[in-house]
Amino acid sequence: MSIAPSPHPAPLSRRFSIAPMMAYTTRDFRYLARLITRRTLLYTEMVVAPAVIHGDRDRLLGFDAAEHPLAVQLGGSDPAQLAEAARVCADYGYDEINLNVGCPSDRVQQGKIGAVLMAEPDQVARCVDAMAAATEVPVTVKTRIGIDDQDDYAFLQRFVTHMDGAGCRSLTIHARKAILSGLSPKENRDIPPLIYDRAYAVKAEFPHLEIILNGGLKDIDGMLAHLGQVDGLMVGREAYMNPWFLADVDRRVFGEPGPAPDRRAVAEAFLPYLQRRYAQGVHPKHVLRHALNLFQAVPGARAYRRHLSENAHRRDATPKVFEEALALLDAATVGYAAC
């Protein structure tokens, strides 16, 4: 079975998406994910508005056309800056522009970005309004259910009311509160308890809003149980640490006909992309780190990962290192079949 990116991207749907994750949802991971799932909405890493305005835009915002449907996540709190950044992102061709009101890291807080903004819903509403006025691309918000001791439903309700008033029609809710001091970003993904009922309650009170659930979603059976209470699902680390998990999404979440893609065919389709990036001056280690877990639980996966880990970072590495790793899988498969 051969696989190639579709020349006709799927329509934008938030029924299932992969969360924006710093250092993970790079363009290289997104291309790999798109080879596995046609329908999933992909997000960039967060990009701060001043960087979009003044930085290297092609490096920050460039993507392959095959990645559509694709959303960019912006960080910021200045309406004028965010409006300008939204215009730039729209010109790049993104399908959605998302505002980060959920990241709890200290560095992000110092820039008045992320979850700390939940305490200022009027300011976030001004940002959303300015972004929406600057472009026809949909503007959405990703947030938490609360921050620190401001974690009851009334606090979340107030925030959502402001977003509704600003014209935001789609909210992604990470169903944990953010603790703004004393916990690392990783701990903030694990320690505060998940309260899915809060997201359910928002959908019940604001039925005209699209509510996407995020947090603790790891298996398709468990995820599907949430649909009906909310409109869509957003998955984070599970999609990165076990990318083949995505192979059933189009069929089981979106109802697409046909079998799941073939894992080896996906790898073979990723090779020409790796070669193109190498020709553009991108070292193979930056691309191949995202493919380390592609063959998780497959015979030969350990030898495959070891070969990439030990050789992809070498200064003289070329795309051939990926071909060599795949050959180790083939050898293991033949040996396994002969047992």
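**Sheet and helix packing**

Me: Which residue of β3 stands opposite Val 48?
Reply: Val 48 stands opposite Gly 75 in β3, where strands are DSSP runs (E, at least two residues; helices are H or I, at least four), numbered from the N terminus. This is a predicted model, in which local features need pLDDT of at least 70, side-chain atom pairs count only at pLDDT 80 or more, and totals for chains, interfaces and linings use all residues. Residues are numbered from 1 along each chain as its sequence is written, and side-chain values use heavy atoms, leaving out hydrogens and water.

Me: How many bridges join β2 and β3?
Reply: Five bridges link β2 with β3 (residues 70–75) in the parallel sense; two strands count as paired if DSSP finds at least two bridges between them.

Me: And what is the strand order of the sheet?
Reply: The open sheet has eight strands, paired in parallel, in the order β1-β8-β7-β6-β5-β4-β3-β2. Because β1 (16–18) and β2 (42–48) each have a single partner strand, one side of each is left without a neighbour in the sheet.

Me: Switching to helices, at what angle do α4 and α6 pack?
Reply: α4 and α6 (residues 121–134) pack at about 35 degrees, with axes 8 Å apart; axes are lines fitted to C-alpha atoms, for helices over the stretch in contact, and angles run from 0 to 180 degrees between N-to-C directions.

Me: Which α4 residues make that contact?
Reply: On the α4 side they are Pro 79, Leu 82, Ala 83, Ala 86 and Arg 87, contact meaning heavy atoms within 4.5 Å.
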